[in-house]
Amino acid sequence: MGIFDRFRNKAAQDKAREMSDAAEKKANEKTGNKYGDQVDTAQQHIEGRLGTDRDRPDRP
């Protein structure tokens, strides 16, 4: 069982997305949205690596 296997579960994916959104919001607050594009790109990259990216259709 790999480290990211737990993200196959939809509930875990939803929680990971919530945490990702919270981290993005906090980073933007701390930087005054000065690096908003970079923070968004980093969030998308991390979500893609975790398999929770929003652009990919959900698997049954």
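Biologist: Which share of the contacts with a separation of 6 or more comes from residues 24 or more positions apart?
Modeller: In this predicted model, residues 24 or more positions apart make up 48% of the protein chain's contacts with a separation of 6 or more.

Biologist: OK, and how many helices and strands are there?
Modeller: The protein chain has 2 helices and 0 strands.

Biologist: How much of the chain is buried?
Modeller: Of its 60 residues, 22% count as buried. The protein chain exposes about 5,000 Å², with 52% of that coming from carbon and sulfur atoms.

Biologist: Let's take α1. What span should its 22 residues have?
Modeller: At 1.5 Å a residue, α1 should span 32 Å, and its end C-alpha atoms are 32 Å apart, so the two agree.

Biologist: Which residues of α1 are buried?
Modeller: Those are Q13, A16, R17, S20, E24 and N28. They sit on the same side of α1, because they cover an arc of only 105° around the axis.

Biologist: And what's on the other side of α1?
Modeller: There you find A11, E18, M19, K25, E29 and K30, which are exposed.

Biologist: What covers the buried residues of α1?
Modeller: The cover includes α2. Seen from the partner helix, the buried residues of α2 pack against α1.

Biologist: Which residues of α2 are those buried ones?
Modeller: G36, V39, Q43 and E47. Their arc around the axis is only 70°, so they are on the same side of α2. On the other side of α2, D37, H45 and R49 are exposed.

Biologist: What does the side chain of Q43 join up with in a polar contact?
Modeller: With the side chain of E24, at 3.5 Å. E24 is among the buried residues of α1.

Biologist: New topic: how many salt bridges does the structure hold?
Modeller: It holds 1 salt bridge. The side chains of D14 and R17 make it, at 3.4 Å from N to O.

Biologist: Why would side chains like that pair?
Modeller: Side chains of opposite charge can pair when their charged atoms come close.

Biologist: Where do D14 and R17 lie?
Modeller: Both are in helix α1, 3 residues apart, which is about one turn of the helix.

Biologist: Is R17 buried or exposed?
Modeller: R17 counts as buried, because its relative accessibility is 13%. D14 is at 29%, so D14 counts as partly exposed.

Biologist: Which glycine takes a positive phi just after α1?
Modeller: That's G32, with a phi of about 65°.

Biologist: And what follows α2?
Modeller: G51 does, and its phi is positive too, near 80°.

Methods: Residues are numbered from 1 along each chain as its sequence is written. Side-chain values use heavy atoms; hydrogens and water are left out. Helices (H or I, at least four residues) and strands (E, at least two) are DSSP runs, numbered from the N terminus. Buried means under 20% relative accessible area, exposed over 50%, partly exposed in between (1.4 Å probe, protein chains only). Contact means heavy atoms within 4.5 Å. Accessible areas come from the Shrake-Rupley method with a 1.4 Å probe; for residues, only the protein chains shown count as cover. A polar contact is a pair of N or O atoms within 3.5 Å; within protein, one must be able to donate a hydrogen and the other to accept it, and residues adjacent in sequence count only if both atoms are side-chain atoms. The expected span of a helix is 1.5 Å times one less than its number of residues. The arc is that of the directions from the helix axis to the C-beta atoms. A salt bridge is a side-chain nitrogen of Lys or Arg within 4 Å of a carboxyl oxygen of Asp or Glu.
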